[in-house]
Amino acid sequence: MKVLLACEESQAVCEEFRNLGHEAYSCDILPASGAHEEWHIKDDVIKVMNGEHWDLMVAFPPCTHLAVSGARHFKKKQEDGRQQQAIDFFMEIANAPIKHI
C-alpha cells in the first residue's frame, strides 16, 4: 500500500508503516528529523496529496489555532485570520482525493 504521512517530519509513524512492508512517505514543509531522508517529501502536503495516487493518508495537521486548550486566544486568532487558515488547511486534508484517510 502507498501511504502518505501528512505533516510528519519525525518519521516515527512512517518507519512503522515501512516495518509492516508498506511504501510509506512522511511529508512536511520541515526537513525530516528522522533517519531516512529518502522516505521524506519536503513539500506542501496539499500539492503532494493532490499530485499523485495514494492508497492511505494519516495526517497530523497542526492544532495550534484550533485546540480548545487555547480557547482564550480564539477571538484574536479569528480576528487576524489564523484560525480560519487552520480550518481551511484541515478541511483540505479531510477532503483529499484519497480513499482512506
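Colleague: Leaving aside neighbours within four places in sequence, which residues is Leu4 in contact with?

Modeller: This is a predicted model, in which local features need pLDDT of at least 70, side-chain atom pairs count only at pLDDT 80 or more, and totals for chains, interfaces and linings use all residues. Residues are numbered from 1 along each chain as its sequence is written, and side-chain values use heavy atoms, with hydrogens and water left out. Contact means heavy atoms within 4.5 Å. With neighbours within four places set aside, the partners of Leu4 are Tyr25, Cys27, Val45, Val48, Met49, Trp54, Leu56, Met57 and Val58.

Colleague: Which residues touch the most other members of the largest nonpolar core?

Modeller: A nonpolar core is a set of buried Ala, Val, Leu, Ile, Met, Phe, Trp, Tyr and Cys residues joined through side-chain atoms within 4.5 Å. Buried means under 20% relative accessible area, exposed over 50%, and partly exposed in between (1.4 Å probe, protein chains only). The largest core has 14 residues, and those touching the most other members are Leu4, Val45, Met49, Trp54, Met57, Ile93 and Ile98.

Colleague: Which element gives the largest share of this core?

Modeller: Helices (H or I, at least four residues) and strands (E, at least two) are DSSP runs, numbered from the N terminus. Two or more residues of the core come from each of β1, β2 (23-28) and α2. The largest share, 4 residues, is that of α2.

Colleague: How many residues are in the second, separate core?

Modeller: Its members include Val3, Cys14, Phe17 and Leu56. The count for this second core is 7 residues.

Colleague: How far apart are the closest N and O atoms of Glu52 and Lys2?

Modeller: A salt bridge is a side-chain nitrogen of Lys or Arg within 4 Å of a carboxyl oxygen of Asp or Glu. Glu52 lies in the loop between α2 (45-51) and β4 (56-59), and Lys2 in strand β1 (residues 2-6), so the pair links distant parts of the chain, 50 residues apart. Glu52 is partly exposed at 40% relative accessible area, while Lys2 is buried at 18%. Their closest N and O atoms are 2.6 Å apart.

Colleague: Which helix holds both Lys75 and Glu79?

Modeller: The side chains of Lys75 and Glu79 meet in a salt bridge, 3.7 Å from N to O. Lys75 is exposed at 59%, and Glu79 is exposed at 60%. The two are 4 residues apart, about one turn, in helix α3 (residues 74-79).

Colleague: How many salt bridges does a search of the whole structure find?

Modeller: One of them joins Asp43 and Lys47 at 3.0 Å, N to O. The search finds 4.
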